[in-house]
Amino acid sequence: MTTIATNPLVTVKSNSAPMRNIDPVEDLIALLARLPGYGRRSARRAVLRMLMDPQRQMLPLADALRNAAEAVLPCDVCGNLDTRSPCHICDDPQRMQGLICVVEGVADLWALERAQAHRGSYHVLGGTLSALAGIGPEDLRIQPLLARIEAGGVEEIIIALPVTVDGATTAHVLMDRLGDTGVPVTRLAQGVPIGGALDVLDDGTLAAALRARRPA
Amino acid sequence: MTMAFPALRLTRLMLRDFRSYAALDARFSGRVVVIAGENGVGKTNLLEAISLLGPGRGLRGARMGELGRDGLPWAASGRFETALGPFDIGTGTASEGGGERRAWMLDGVAKKSSTELAERVAAVWLTPQMDRLFQEGASGRRRFLDRLVWALEPAHAREVAAHDHAMASRNRVLAQGRADPGWLDALEEQMARRAVAAVAARRGLARRLNTVLAEQRPLGAFPAARLDLLCPIAAALEDSPALAVEEGLRARLAQQRRRDAAAGGAAEGAHRTDMTMVHLEKNQPAALCSTGEQKALLIATVLAHASLIAEARGFAPLLLLDEVAAHLDQRRREALFAALAALPAQSFLTGTDVGVFAPLQGVAEGFSAASGRLETIAGFGVPEPA
Ligand SMILES: Nc1ncnc2c1ncn2[C@@H]1O[C@H](COP(=O)(O)OP(=O)(O)O)[C@@H](O)[C@H]1O
Ligand SMILES: [Mg+2]
Ligand SMILES: [Zn+2]
C-alpha cells in the first residue's frame, strides 16, 4: 500500500479484473493512445504539453469534449454524425435526395463533402464486410438502405467503397441485394489519377482503368 | 550473359547498431568483394545491411524489431556510384512509430516510402537457406518465386496479399457454417481475380527467366536449366485467355464449397503454385539433383534474374552471395568466380575459408570480418578504382 501512495506511476494489478491505472495522467495517456493516429508516444507528448497549462489547454478541451459528446448523434436516415437527426445533408432541399452515395464510414462522407463533389445524399454502411473481424452483412447498415429505397424517391445508388478486397467484396454483396430493387447502381470509377502518367501506374491500377474504360 | 548495362557500385557502407555491429564504416573499391571470417562474425549481417538499402525487408525477410543491435534503433547508409554520378541512401528506425517503422533517406532528404529507392538500388541474393529450397515444402519455393517477380513488379506483393486475404476470409465464412451465399460469391470473385493476376505474373517471370537461362548456356560449369511452374492455373493460362481462366476458377470455387469447408481450405488458388528447376542435360528435376548441382541451378537462376533486373532498370544490380562456395566443387567454384569477374555487376561474396577465394586474387578486394569490424586482407587483391 505504501508503494502506491509514494509512487504515483505504479499500476495495480489484480488477478481477476483487467489491469487498471490509478494515475490520472496515465489514464489520460492510455485513453488518448487508443485514438487513431495516436500511439503511446504521441499521446504522452500531447498530455505533457497540456499539463504545462491546464487552465487554458485542458479545461476548454474537456468542455469541448463534453459538449460534442452530448450534442452529436447519428442521423437516423444516413448514419452521418451531426447535431441533429435528420442531419443537415438529409434535410437540405437543395440537394438531390434521390441520389445516394454509399460510403464505408463517416470519414469518407466528410472527405467527399470537403471535395464538394457530390450533390446528393449519403448512406453510411458503418464498415465493410470482414470475415476475419467477424463483420457480416447483417452488421452493416444494408437493411436501412433497402428501407430508404422502399420508401420511394431513390433514383440512383453510387457505391463509393474502398478498393480493398473487403471493400470490393462489400460492393459485390451490396449490388446483389440492390439488384432486386430496380434502382440503377453505379460505382466510382477507378484508374488513372489526375496528372498520372500511364507508364508509372502499377499493373493493378492500369488493369482496373482498362476494365472501367468508356466510350470516348 | 545479357548484362551489358552500367553497374551499380556500393563504395561505402556505414552501420550504426545494426545486428552485431555497433558502428562500421567500410569502403569498397572492388567490383568483386570477398568477406571471409569465422561463423558468427557478422558476414551475413553485412550482406543483409546492404540488401536493406533497397526496397523490401532484406535477405532475411526480418522484422524491424530484429535488426537493431540488442533492440536499439539502427541505421544503415550506403554511397553508390553509378554512370550518372553518386548518390547516398540511408535507412533505419524511424523516430516515430515505436521502433517498428522504417525511415528512408535519399541524398540526405527523407522519403516517405521506398518506391523512389527502388528505381535506384536493386540487389539479388543467394543465401545458404536456399540450399534446401528443393527439399522443403512448396511454400518456400513459392516465396522464392514471388520475390523474383516482386523485384520486377512491385505490385505483385499486393496482389498475392489480396488473394490470401480473400481466401482466408472465404475459409472463415465457410467454417462458420452460416454461409451467406452472396458473401461467398463476392469473396470467390475476388479470390479468382487475384489468383489469376498473381499466377499470370509468376508465369511471365518464368518465361522471361527461361529466355535468359537459355542464352546463358555458355557459362560452362553451370547447367543449362529451365524453371517450370507446377500450377493448374498457369497451365490453364497456356491455352485460355485470363478472363476465361478467372471465370472457370470462380465457378469451381463455388462448386467446391462443401469440400473446401470440410478440408479447412481451398483446393485451388494462387496458394497452390509450386515450381521446379530442370537440369536440362540430365533432364532431371532439381529435387533429384545433387546438392551441388542444385546450388549451381540456383546460381544460374539468380544470375539470370540479375540480367532481367538490369534490362528493366538499366543498371546491373548488386549480387549478394552468402556462403556461395559451399557445396560447389572446385571446377564450379572457379567457373562461378570467372563468371562474376566477367560481369559488370558488383558482387559481394562471403565464406568461412579465405582459401577458396584464391582464384579471385588480383581481381577481388578481400576483407576479413571479426568482432564487428572489417580488415582489408593485405595482398589479397589490388582494388581497381571504382
Ligand atoms: N539484433 C541483434 N543484436 C545483436 N546481435 C545480433 C543481432 N542479430 C544477430 N546478432 C548476432 O550476429 C551474429 C551472427 O552474425 P552473422 O552475420 O549471421 O554471422 P556469419 O558471419 O556467420 O554470417 C550472431 O552472433 C548473433 O548473435
Ligand atoms: Mg552467415
Ligand atoms: Zn443524414
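Me: Which residue is the bridge partner of B:G90 in β6(B)?
Reply: In this predicted model, β5 (residues 85-93) and β6 (residues 102-106) of chain B pair in the antiparallel sense. Five bridges join the two strands. In β6(B), the partner of B:G90 is B:M105.

Me: Which strands stand at the edges of the six-stranded sheet of chain B, each with a single partner strand?
Reply: The sheet is open, with antiparallel pairing and the order β2-β1-β4-β5-β6-β7. Each edge strand has a single partner, so one of its sides is left without a neighbour in the sheet. These are β2 (21-27) and β7 (109-111) of chain B.

Me: What angle does the direction of helix α1 of chain B make with that of β1(B)?
Reply: Neighbouring strands of the sheet are turned by 20° against each other on average, direction ignored. Helix α1 (residues 43-51) of chain B packs on this sheet and touches β1 (9-18), β2 and β4 (75-82). Its direction makes with that of β1(B) an angle of about 110°.

Me: Which element gives the most to the shell around ligand 1?
Reply: The ligand is surrounded by 14 residues, the closest being B:R19, B:S20, B:K43, B:T44 and B:N45. By class, the shell has one nonpolar, eight polar and five charged residues. The top contributor, with three residues, is α1(B).

Me: Which element gives the most to the side of chain A that touches chain B?
Reply: In the contact, 16 residues of chain A meet 21 residues of chain B. On the chain A side, α8 (165-179) and α9 (203-211) each supply at least two residues. That side has seven nonpolar, five polar and four charged residues. With six residues, the element that gives the most is α8(A).

Definitions and conventions
Residues are numbered from 1 along each chain as its sequence is written. Chains are lettered from A and ligands numbered from 1 in the order in which they are written. This is a predicted model: local features need pLDDT of at least 70, side-chain atom pairs count only at pLDDT 80 or more; totals for chains, interfaces and linings use all residues. Two strands pair if DSSP finds at least two bridges between them. Helices (H or I, at least four residues) and strands (E, at least two) are DSSP runs, numbered from the N terminus. Axes are lines fitted to C-alpha atoms, for helices over the stretch in contact, and angles run from 0 to 180 degrees between N-to-C directions. Two residues are in contact if their C-beta atoms, placed from the backbone, lie within 7 Å. A residue is near a molecule or strand if its C-beta atom, placed from the backbone, lies within 6 Å of it. Ala, Val, Leu, Ile, Met, Phe, Trp, Tyr, Cys and Pro count as nonpolar, Asp, Glu, Lys and Arg as charged, and the others, Gly among them, as polar.
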